[in-house]
Amino acid sequence: IHESEAQRVRWIFNQFLRLGNVATLKEWLRENNIRSKKGNHYDRGALYRMLHNPLYIGLIRHKKDTHPGEHPSILDRDIWDKVQTLLTENQQGKHRKPRSTKTSLLTGILYDAQDTRYTPTHASKQGRRYRYYTSQAVIRKTEKVEIPARIPAPDLEAAVADRILNLLRRPEDLLAALTDDGAEDRTAIYSTVLAKAATAAATWASHSTAEKEQFLKAILNRVIIHPKCIEIQLRVPQLMLQLAGDITAGSKSRIHATTHFQQIASVECPFRHVSQGKAIRLIVGNSQITTEASRLAIVKAIARARLWYEQLVEGVAPSVSHLARMHHVSPRYVNKIFQLAPLSPRSIENILTRPESLPLSLDDLLQNIPMNWKQQRTALASQ
């Protein structure tokens with residue numbers, strides 16, 4: 001028995017019981033980059049085979065029957081029985097349940113500054129579905145406006161979620177959003193909410209997509225697209241209740257009635273948009289929101305570029321295509337990130353120590369990286 005693999009099996013069985021179905025389990029494993037021992041993402045078939053495999057409880061299967069094996073069990077029989085029961089229930093109910101599809105998080109609450117609504121749309125290319133939010137001004141062919149006509153839905157939804165997550169991580173910003181200007185009342189509820197907010201931010205990655213969307217839909221009032229920023233309006237009482245739960249449930253009427261408590265709070269998420277074909281690509285860049293995340297993304301990309309460069313030079317990978325297969329990425333992505341390999345030590349140091357007032361995204365950095373080290377310093381200074 002390989003204990004590390006046995007532990008992964010036990011963990012997946014327990015996560016299935018927590019999440020309730022294989023589709024959600026597969027999505028959660030992919031979001032958290034948890035792979036099989038061969039380095040592949042789990043598909044639904046592999047998960048079903050794992051969850052039905054009697055080897056884990058010391059049995060072997062022969063045709064339709066199972067018999068005691070000579071190997072030890074690595075899974076509690078109680079967990080196994082619960083998983084089989086849940087799998088059976090899901091199978092019996094599958095014809096009665098509608099097929100689950102990807103919903104658009106901001107449906108009905110996304111507008112521009114002129115109060116024109118954005119509507120979920122999609123396009124298909126080579127069998128792949130791409131989601132967008134398209135302005136009704138474009139759909140109805142009214143006058144042209146400054147705001148983007150069509151925005152990729154995943155980019156916008158991620159920007160909104162990241163901004164809210166960052167708010168939960170910053171108690172001073174969260175408290176300012178919850179209370180009116182000049183308010184002095186700081187009850188025990190606020191302390192509880194701030195503590196719960198920190199916990200919610202720390203455990204965010206462990207939740208399924210459905211759980212995250214449920215939380216966001218409960219607290220979002222409206223999202224407004226301005227020419228240079230996204231305005232996110234939050235339902236403050238619902239945010240308090242989502243965070244503090246049973247602590248504030250009995251005080252719901254008092255929460256709505258207090259004068260120091262805002263009903264709607266607005267936070268901004270600055271961004272710029274660039275044309276990409278007929279759509280708009282969002283580039284979020286704000287010193288208080290994305291600087292640290294951008295810095296981490298750049299550091300990770302530089303580390304990858306240097307590793308890939310060494311593997312090509314040393315002959316570990318004979319080509320870019322082979323390198324891409326080794327690391328489960330596309331050749332196009334390898335070529336894109338490979339531009340970071342010639343960055344000088346000083347250039348890297350300048351990126352890591354760059355002031356927050358001068359945010360730099362990975363996309364911005366990849367626009368132009370000269371081979372000459374002196375030219376690199378000049379190019380970085382101008383970005």
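**Pocket lining, helix packing and local geometry**

Helix 1 gives the most to the lining of the second largest pocket, contributing four residues. The structure is a predicted model, in which local features need pLDDT of at least 70, side-chain atom pairs count only at pLDDT 80 or more, and totals for chains, interfaces and linings use all residues. Residues are numbered from 1 along each chain as its sequence is written, and side-chain values use heavy atoms, with hydrogens and water left out.

The chain comprises 18 helices and 10 strands. These elements are DSSP runs numbered from the N terminus (helices: H or I, at least four residues; strands: E, at least two). Of its 383 residues, 40% count as buried. Buried means under 20% relative accessible area, exposed over 50%, and partly exposed in between (1.4 Å probe, protein chains only). Among contacts between residues at least 6 apart in sequence, 58% join residues at least 24 apart. A contact means heavy atoms within 4.5 Å.

The average pLDDT of the chain is 78, and 78% of the residues score at least 70. pLDDT is the predictor's confidence in each residue, from 0 to 100. Two stretches are noted here for their scores. Over residues 246-259, pLDDT stays under 50, and the model has 16 contacts beyond four places in sequence for them. Residues 277-290 also stay under 50, with 47 such contacts in the model.

The second largest pocket is lined by 21 residues, of which E5, V9, K37, M50 and Y56 lie nearest its centre. Helix 1 (3-19) and helix 3 (44-52) are the elements that give two or more residues to this lining. The pocket holds about 560 Å³ of space. A pocket is an open set of points on a 1 Å grid over the protein atoms alone, where a 1.4 Å probe fits, with protein on both sides within 12 Å along at least five of seven lines; lining residues have an atom within 4 Å of a point. Its volume is the space filled by probe spheres set on the points, which are joined across faces, edges and corners. By class, the lining has 10 nonpolar, six polar and five charged residues. Ala, Val, Leu, Ile, Met, Phe, Trp, Tyr, Cys and Pro count as nonpolar; Asp, Glu, Lys and Arg count as charged; the others, Gly among them, count as polar.

The axes of helix 9 (residues 209-219) and helix 10 (residues 236-244) come within 8 Å and cross at roughly 145°. F215, A218 and I219 of helix 9 meet Q238, L239, Q242 and L243 of helix 10. Five of these contact residues are nonpolar, two are polar and none is charged. Axes are lines fitted to C-alpha atoms, for helices over the stretch in contact, and angles run from 0 to 180 degrees between N-to-C directions. T209, K212, E213, F215, L216, A218 and I219 are buried in helix 9. The buried residues of helix 9 pack against helix 2 (22-31), helix 6 (153-169), strand 7 (220-225), strand 8 (229-235) and helix 10.

Q311 is placed in helix 13 (residues 291-313). Q311 is buried, at a relative accessible area of 13%. Leaving out residues up to four places away in sequence, Q311 touches V316, A317, L323, M326 and H327.

Loop geometry was also examined. N33 is in the loop between helix 2 and helix 3. Phi of N33 is near 55°, a positive value in a residue other than glycine. N33 is partly exposed, at 48% relative accessibility. D115 lies in the loop between strand 3 (110-112) and strand 4 (118-125). Phi of D115 is near 70°, again positive in a residue other than glycine.
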